[in-house]
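Me: I'm new to this one and would like a close look at just one part of it. Please take me through its surface and its charged side chains, in plain words.

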Amino acid sequence: MPNPFEVASPFDEAEALEALVDVIADEVIDARSSEINARRAAAEDSENLRLARAL
């Protein structure tokens with residue numbers, strides 16, 4: 001049960017929001033990295049296929 005006499009500090013909220021922003025930014029970076037890696041893999045696959053057909 002929460003303490004009715006406890007006063008929330010604005011610094012606690014600011015720190016929590018900063019942590020949330022950091023987590024979201026990391027997720028965006030991870031998603032972009034995954035997309036880049038998928039595109040590279042697709043490009044490498046098509047290049048390997050082209051080379052194999054040339055043989």
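**A close look at the helix**

Reply: Let's start with Glu13, which sits in helix H1, the stretch covering residues 10–54. Before going on, a word on the source: this is a predicted model, where local features need pLDDT of at least 70 and side-chain atom pairs count only at pLDDT 80 or more, while totals for chains, interfaces and linings use all residues. Residues are numbered from 1 along each chain as its sequence is written, and side-chain values use heavy atoms, with hydrogens and water left out.

The chain's secondary structure amounts to one helix and zero strands. Helices (H or I, at least four residues) and strands (E, at least two) are DSSP runs, numbered from the N terminus.

Now for the surface. Of the chain's 55 residues, 0% count as buried. Here buried means under 20% relative accessible area, exposed means over 50%, and partly exposed is in between (1.4 Å probe, protein chains only). The chain exposes about 5,400 Å², with carbon and sulfur atoms supplying 60% of that. Those areas come from the Shrake-Rupley method with a 1.4 Å probe, and for residues only the protein chains shown count as cover.

Back to Glu13: it counts as exposed because its relative accessibility is 54%. It also belongs to a negative surface patch, together with Glu6, Asp12, Glu15, Glu18, Asp22, Asp26, Glu27 and Asp30. A patch takes residues with over 30% relative accessible area and no salt bridge, joining like charges within 9 Å and nonpolar side chains (Val, Leu, Ile, Met, Phe, Trp, Tyr) within 5 Å. Asp and Glu count as negative, Lys and Arg as positive, and His and the chain ends aren't counted. Each charge is placed at NZ of Lys, CZ of Arg, CG of Asp or CD of Glu.

There's a nonpolar patch too: Leu17, Leu20, Ile24 and Val28 make one of about 350 Å². Leu17 is found in helix H1, and it's exposed because its relative accessible area is 52%.

What about opposite charges? Side chains of opposite charge can pair when their charged atoms come close. The count here is two salt bridges, where a salt bridge is a side-chain nitrogen of Lys or Arg within 4 Å of a carboxyl oxygen of Asp or Glu.

One of them joins the side chains of Glu35 and Arg39, at 2.7 Å from N to O. These two residues are about one helical turn apart because they lie four residues apart in helix H1. Glu35 is partly exposed at 40% relative accessible area, whereas Arg39 counts as exposed at 58%.

Arg50 also forms a salt bridge, with Glu47, and their closest N and O atoms are 2.7 Å apart. Both lie in helix H1, three residues apart, about one turn of the helix. Arg50 counts as partly exposed at 47% relative accessibility, and so does Glu47 at 35%.
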